[in-house]
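Hi,

Here is the structure I promised to pass on. Have a look at it first, and then read my notes below.

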Amino acid sequence: MYPEYLVAPMREELTKVGFEELKTPEDVEAAINTQGTVFVVVNSVCGCAAANARPAARAAVQNDKHPDKFVTVFAGMEKDAVHAARGFMLPYPPSSPSMALFKDGKLVHMIERHQIEGRPAQMIADNLIGAFEQYC
């Protein structure tokens, strides 16, 4: 676990644009097992989260067509919530950062860490926007 003062600014990068933090497995289950679309970001302290994932997520949710709900869990912090979120993302292996789009409780789009590392934030945002256009 990281000190909260270290991750607070990283959390805020998403919460200030409307992401809800999920801190328990029950929060995760309630958010994902719902009608409509839910965008989940597994946040992290790594450099690719700062340079690529969080900027891409912030840009994508500004699109006219976007999920009904945006949520986030933080790897290395709320272990049980992250584990629950990753359970919904199977068969994809755990990775952080990562992003998933759910529709009516079903996983319909996934971006893993290896698709985030080394890619510009706008390219990732464009990928997300394409999924939002298709499923939302």
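Which residue forms a salt bridge with Arg 113? That partner is Glu 117, and the closest N and O atoms of the pair are 3.0 Å apart. By salt bridge I mean a side-chain nitrogen of Lys or Arg within 4 Å of a carboxyl oxygen of Asp or Glu. Arg 113 is partly exposed at 28% relative accessible area, and Glu 117 is partly exposed at 38%. (Buried is under 20% relative accessible area, exposed is over 50%, and partly exposed is in between, with a 1.4 Å probe and protein chains only.)

Before you go further: this is a predicted model, where local features need pLDDT of at least 70, side-chain atom pairs count only at pLDDT 80 or more, and totals for chains, interfaces and linings use all residues. Residues are numbered from 1 along each chain as its sequence is written, and side-chain values use heavy atoms, with hydrogens and water left out.

Now the other salt bridges. A search of the whole structure turns up 6 of them. One is between Arg 54 and Glu 13, with the closest N and O atoms 3.1 Å apart. Arg 54 sits in helix 3 and Glu 13 in helix 1, 41 residues apart, so this pair links distant parts of the chain. (Helices, H or I with at least four residues, and strands, E with at least two, are DSSP runs numbered from the N terminus.) Arg 54 counts as buried, at 2% relative accessibility. Glu 13 also forms a salt bridge with Arg 58, and here the closest N and O atoms are 2.8 Å apart. Arg 58 is in helix 3 while Glu 13 is in helix 1, so the pair ties together parts that are 45 residues apart in sequence. Arg 58 counts as partly exposed, at 24%.

Ala 57 is in helix 3, residues 47-60, and is buried, with a relative accessible area of 0%. Leaving out residues up to four places away in sequence, Ala 57 touches Leu 14, Phe 19, Phe 39, Val 41, Met 99 and Leu 128. (Touching, or contact, means heavy atoms within 4.5 Å.)

(Two strands pair if DSSP finds at least two bridges between them.) Strand 4 (residues 98-103) and strand 5 (residues 106-111) run antiparallel and are joined by 5 bridges. Lys 103 has Lys 106 as its bridge partner in strand 5, and Met 99 stands opposite Ile 111. The two strands form a hairpin with 2 residues between them, and Asp 104 in the turn has a positive phi of about 50 degrees.

Happy browsing!
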